[in-house]
Amino acid sequence: MAEDSPDQPSSSWTFLTHHARVLLEIARDPQARLRDIAAVIGITERAAQGIVTDLHQAGYLTRSKVGRRNHYTINPDRRFRYPTEADVPIGVLLDIFARHDQAHRVG
């Protein structure tokens with residue numbers, strides 16, 4: 001059996017769901033357009049729109065209009081949905097990636 005290369009994943013699964021990725025993109029740019037979010041993540045604009053709707057309805061973010069664009073505000077105190085992580089606020093995840101993004105900008 002051939003050994004997998006560290007650069008080549010053996011399957012298509014990832015640790016983060018599309019919902020988490022959309023949330024992270026919005027955290028990076030609260031005025032991001034859905035088409036830009038979709039392009040970065042590799043999903044359709046319609047899928048991104050559905051995810052934003054899910055996140056909005058569940059209280060993870062709010063939407064407001066600023067001119068012709070949507071502006072998103074994330075509720076970092078909202079808890080993860082899965083029972084084993086239900087006591088952890090999503091702000092923890094956002095902080096991890098914000099620190100990572102800052103480290104890559106500086107270094």
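Me: Axes are lines fitted to C-alpha atoms, for helices over the stretch in contact, and angles run from 0 to 180 degrees between N-to-C directions. At what angle do H2 and H3 pack?

Reply: This is a predicted model, in which local features need pLDDT of at least 70 and side-chain atom pairs count only at pLDDT 80 or more, while totals for chains, interfaces and linings use all residues. Residues are numbered from 1 along each chain as its sequence is written, and side-chain values use heavy atoms, leaving out hydrogens and water. The axes of H2 and H3 lie 8 Å apart. H2 and H3 pack at an angle of about 105 degrees.

Me: Within what arc do the buried residues of H2 fall?

Reply: Buried means under 20% relative accessible area, exposed over 50% and partly exposed in between, with a 1.4 Å probe and protein chains only. Leu34, Ile37, Ala38 and Ile41 are the buried residues of H2. Seen down the axis of H2, they line one face of the helix, because they fall within an arc of 100 degrees.

Me: Which exposed residues does the face of H2 turned away from its buried side carry?

Reply: The buried residues of H2 have a cover that includes H1, H3 and E2. Just after H2, Gly42 adopts a positive phi of about 90 degrees. On the face turned away from the buried side of H2, the exposed residues are Ala39 and Val40.

Me: How many residues does H1 give to the largest nonpolar core?

Reply: The largest nonpolar core has 23 residues, and Val22, Leu23, Ile26, Ile43, Val52, Leu55 and Leu61 have the most contacts inside it. Helix H1 (18-28), helix H2 (34-41), helix H3 (45-57), strand E2 (69-74) and helix H4 (91-106) each supply at least two residues of this core. Not counting residues up to four places away in sequence, Val22 touches Ile37, Ile41, Ile43, Ile51, Val52 and Leu55. H1 gives the most to this core, and its share is five residues.

Me: What pattern does the protein follow along the sequence?

Reply: Four helices and two strands are present in the protein. Of its 107 residues, 24% count as buried. Read along the sequence, the pattern is α-α-α-β-β-α.

Note on methods
A nonpolar core is a set of buried Ala, Val, Leu, Ile, Met, Phe, Trp, Tyr and Cys residues joined through side-chain atoms within 4.5 Å. Contact means heavy atoms within 4.5 Å. The arc is that of the directions from the helix axis to the C-beta atoms.
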